[in-house]
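Open the model in your viewer and keep the sequence panel beside it. This tour tells you what to select at each stop.

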Amino acid sequence: MCPLVLELKKYKEFEPVTIVTAQHRQMLDQVLELFEITPDYDLNLMKPNQNLWSLTSDILLGTKEIFEKVRPDIVLAHGDTTTAFASALSAFYARIPIGHVEAGLRTFNKDYPFPEEINRVLADSVSDLHFAPTEGSVQNLLNSGIKEGISDGALDSAYENGRRIYKTGNTVIDALLYTVKKDIDISFIGLNPNLKTILLTSHRRENFGKPLENICDSILELVQKNKDIEIVYPVHLNPNVRNTVFSKLQGIDRVKLIDPLDYAPFCALMKKAQIILTDSGGVQEEAPSLGIPVLVLRDETERPEAVDCGCVKLVGTNKEKIASTVQKLLDDSDFYNSMKMAVNPYGDGLASKRIADIIKGKFTV
């Protein structure tokens with residue numbers, strides 16, 4: 001959302017009010033600093049052993065007080081976090097129009113990813129404007145029964161026309177391109193310039209246990225077979241991840257297990273990598289903008305456009321499939337280049353401007 005906040009500040013018609021829940025405190029603060037954004041309201045909700053029940057209720061109650069005080073003309077929420085869903089629901093209760101940024105993503109499996117699939121479905125269901133990154137996400141919204149006509153209630157007097165769904169690209173690409181322009185020092189990682197860097201991230205709940213063990217086993221096979229590669233794995237702080245990863249990979253030659261990275265150095269590391277293995281949603285969108293082939297460690301993805309265009313491939317958590325696909329990328333330059341040169345379907349870095357222009361055109365000034 002940071003690029004969109006910065007874009008809105010350029011318009012004399014807008015007075016953006018930024019609220020953060022701090023659902024993930026460590027990740028939040030360094031991004032705010034990077035984009036030089038000071039929140040107007042910080043709910044600071046992160047707690048030890050946080051659970052979805054308490055987080056959802058805390059967001060609802062915290063945003064209720066702010067919405068009643070500020071009475072914004074529209075609330076913008078992004079993506080599929082619990083913050084996005086609960087904030088959208090809170091705005092709906094307050095009868096405030098809602099714009100969902102990154103709307104329409106679907107796996108059509110409510111348990112995969114959990115709880116993100118239901119978070120985004122519910123956020124879409126209460127939103128009034130949907131800023132969809134791709135044509136596929138537009139179709140998902142239409143197929144789910146969201147009508148282009150205006151809804152009853154809070155929006156009737158606010159908007160000049162009844163269109164509700166817009167393809168804008170994704171603001172995550174705006175954020176990435178903003179960041180990689182900066183001179184970011186990642187020498188502390190200690191990359192070997194004589195080796196090919198393979199970046200690995202895996203942290204999703206669905207991959208805890210045996211799936212993550214399989215991923216680690218595939219890494220062991222790859223480093224044993226290829227003396228010219230190194231694996232860099234920023235290991236999530238969740239004990240379910242760290243216990244498995246360190247028991248399997250700690251002390252293995254050419255496998256770097258490092259702590260999670262801030263957003264800026266992570267973007268710089270992506271830019272340095274030759275191949276990326278990930279179960280992250282955002283990385284599936286970001287890496288193709290940098291020309292990096294991405295192998296997704298999941299059986300399903302809510303971002304099928306990248307698979308369709310060839311810059312991303314689903315490999316799941318099967319040890320043999322992961323290892324063989326990475327090996328093909330290492331050995332077959334035509335295969336590698338076909339993924340590297342594919343055009344990223346998720347945006348051109350102008351999504352924030354499109355969204356701001358749409359909102360400006362919707363409201364009577």
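The stops below run from the whole chain down to single residues.

**Before you start**

This is a predicted model, in which local features need pLDDT of at least 70, side-chain atom pairs count only at pLDDT 80 or more, and totals for chains, interfaces and linings use all residues. Residues are numbered from 1 along each chain as its sequence is written, and side-chain values use heavy atoms, with hydrogens and water left out.

**Stop 1: the whole chain**

Show the protein chain as a cartoon. Its secondary structure comes to 15 helices and twelve strands. These are DSSP runs, numbered from the N terminus: helices are H or I with at least four residues, strands are E with at least two. The radius of gyration is 21 Å, close to the 21 Å that the globule rule gives for 365 residues, so the chain is as compact as a globular protein of that length. The radius is taken over C-alpha atoms, and the rule is 2.2 Å times the number of residues to the power 0.38. Along the principal axes, the C-alpha atoms fill a box of roughly 65 × 45 × 40 Å.

Of the 365 residues, 55% count as buried. Buried means under 20% relative accessible area, exposed over 50%, and partly exposed in between (1.4 Å probe, protein chains only).

How much of the contact count comes from residues 24 or more positions apart? They account for 68% of the contacts with a separation of 6 or more. A contact means heavy atoms within 4.5 Å.

**Stop 2: aromatic pairs**

Show the rings of Phe, Tyr and Trp (the six-membered ring for Trp); two rings pair if their centres lie within 6.5 Å, and planes under 30 degrees apart count as stacked, over 60 as edge-to-face and the rest as tilted. By this rule the count comes to three aromatic pairs.

Select Tyr 11 and Phe 14. Their ring centres are 5.2 Å apart and their planes are at 35°, so the pair is tilted. Tyr 11 is buried, at 11% relative accessible area.

Next, select Phe 35 and Tyr 178. This pair is stacked, with 4.5 Å centre to centre and 15° between the planes. The pair links distant parts of the chain: Phe 35 is in helix H2 (residues 25-35) and Tyr 178 is in helix H7 (residues 171-180), 143 residues apart. Phe 35 counts as buried at 3% relative accessibility, while Tyr 178 counts as partly exposed at 29%.

**Stop 3**

Most residues other than glycine have a negative phi, and most peptide bonds are trans. Which bond joins Tyr 112 and Pro 113? A cis peptide bond, with omega about -5°. Pro 113 lies in the loop between strand E4 (98-101) and helix H5 (116-126). Move on to Phe 114 and Pro 115: a cis peptide bond joins them, with omega about 0°. Pro 115 is in the loop between E4 and H5.

Select Phe 108, in the loop between E4 and H5. Its phi is near 65°, a positive value in a residue other than glycine. Phe 108 is exposed, with a relative accessible area of 64%.

**Stop 4: Arg 254**

Jump to the loop between helix H9 (239-249) and strand E9 (255-258), where Arg 254 lies. Arg 254 has a positive phi of about 65° although it is not a glycine. Is Arg 254 buried or exposed? Arg 254 is buried, at 16% relative accessible area.

**Stop 5: helix H11**

Select residues 281-289. This is helix H11, mostly covered, with seven of its nine residues buried. Among them are Val 283, Gln 284 and Ala 287. The buried residues of H11 pack against several elements, including H7, helix H10 (263-272) and strand E10 (275-278).

**Stop 6: Gly 316**

Finish in the loop between E12 and helix H13 (319-331), where Gly 316 is found. Gly 316 counts as buried, at 2% relative accessibility. Leaving aside neighbours within four places in sequence, Gly 316 is in contact with Val 296, Leu 297, Arg 298, Asp 299 and Ile 322.
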